[in-house]
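Work through the exercises below with the structure open. Each task is followed by its solution.

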Amino acid sequence: MGKSGGQDPIEETEQERALAEVTKGQWAHYTTDLRPLEDRWLKDLRMDSGDKSMVASQTAAGIGSQYDKAKAETTGNMFTKQVDPSSGKFVGAMTELGVSRGKATGAGVSRGVQAVDDATVQNLQNAVSIGRGQAAESTAEMGSIAGNAQREAMSNADLRLRGDMADQDRSESLGSTAMSAAGFGLSKWKTPSRQEDKKKE
Amino acid sequence: MGWASDTMAQITREQWADYQGRFQPIEGELQSYYDNPQKMAEGISAARAYSGKAADAAANNVRIGLSRYGQAGQMDDPAFSRQLGLNKAAADVDAANSTRAHIVDRDNLILAGGLTTRGL
């Protein structure tokens with residue numbers, strides 16, 4: 001503990017020695033046992049272009065399949081009502097569904113990919129927290145965060161469609177099927193290995 | 001100096017060195033995301049590209065669907081082309097704007113340190 005008045009040494013107390021001893025043990029435990037685990041986690045903080053491609057393709061596929069169902073149902077409904085395929089009603093319905101599909105897919109994929117970047121930033125922020133001795137927060141909710149973004153995109157497209165058209169054939173079909181596409185993309189993205197990584201956090 | 005004092009001083013130095021070596025670069029990397037014009041431009045560019053591709057793919061899908069009933073020619077009608085073109089342009093602008101807003105929100109959360117609790 002140094003000297004008082006510059007001359008007389010002050011004896012370290014038993015408590016101070018114990019504190020130093022325990023701290024030394026804790027530091028040794030950290031450096032040998034915990035730091036290697038941390039280092040492994042720190043190497044895997046960043047999402048890459050492969051993650052983005054996977055999210056983009058799965059999101060597009062999920063939304064696309066729902067619109068395919070909607071289109072099939074719409075077509076069936078119209079044929080049941082003997083709507084002529086060459087009529088403006090039929091062609092207009094197909095075009096509207098296509099436009100809506102394009103909007104929902106573009107918005108959903110953009111948001112999904114953005115969410116992948118968000119995951120990187122969240123992981124970096126967690127690492128900074130750990131470095132400061134603070135608790136990190138799990139990013140396991142990443143899938144649902146991105147799923148929410150997709151749900152929003154689908155919901156917006158659906159609402160626009162409902163607002164644009166007062167045509168039950170289309171809005172009913174889309175409403176019943178499209179919403180379930182929300183969250184499809186990243187539900188598969190949460191692979192077991194990535195889940196395990198998140199548990200380590 | 002006594003043993004306890006020297007030990008604590010040594011551990012403190014090692015901890016600081018450890019932080020500087022392993023975590024400070026990550027702090028720098030995190031900071032690089034904040035208010036970064038390049039990342040903003042990349043994000044917007046990517047979103048517009050996805051939006052454009054999605055619009056084109058959707059238009060193609062409509063064409064294929066109509067062709068099953070011999071109505072693909074309807075797509076050449078200027079009214080339909082115009083509708084698809086307008087929607088593509090609107091989706092492009094929407095993608096750029098929403099991405100910009102999203103990145104600004106994220107920037108604010110980075111600065112506030114609340115990114116993980118708020119979520120995006």
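A residue is buried if 20 or more other C-beta atoms lie within 10 Å of its own, exposed if 12 or fewer, and partly exposed in between, with C-beta atoms placed from the backbone. The model is predicted: local features need pLDDT of at least 70, side-chain atom pairs count only at pLDDT 80 or more, and totals for chains, interfaces and linings use all residues. Residues are numbered from 1 along each chain as its sequence is written, while chains are lettered from A and ligands numbered from 1 in the order in which they are written.

**Exercise 1.** State what share of chain B is buried.

Solution. Take the 120 residues of chain B. Buried residues make up 26% of them.

**Exercise 2.** Describe the build of chain B from its elements and its spread.

Solution. From the N terminus, the order is α-α-α-α. Next, the radius of gyration, taken over C-alpha atoms, is 26 Å. Finally, the C-alpha trace spans about 95 × 25 × 25 Å along its principal axes.

**Exercise 3.** Find how H2(B) and H3(B) are oriented to each other.

Solution. H2 covers residues 37–67 of chain B and H3 residues 78–112. Their axes, lines fitted to C-alpha atoms over the stretch in contact, come within 8 Å. They cross at roughly 150°, on a scale from 0 to 180 degrees between N-to-C directions. H2(B) and H3(B) are therefore roughly antiparallel (over 145 degrees; under 35 is roughly parallel, 65 to 115 roughly perpendicular, the rest oblique).

Notes. Helices (H or I, at least four residues) and strands (E, at least two) are DSSP runs, numbered from the N terminus. The radius of gyration is taken over C-alpha atoms; the globule rule is 2.2 Å times the number of residues to the power 0.38.
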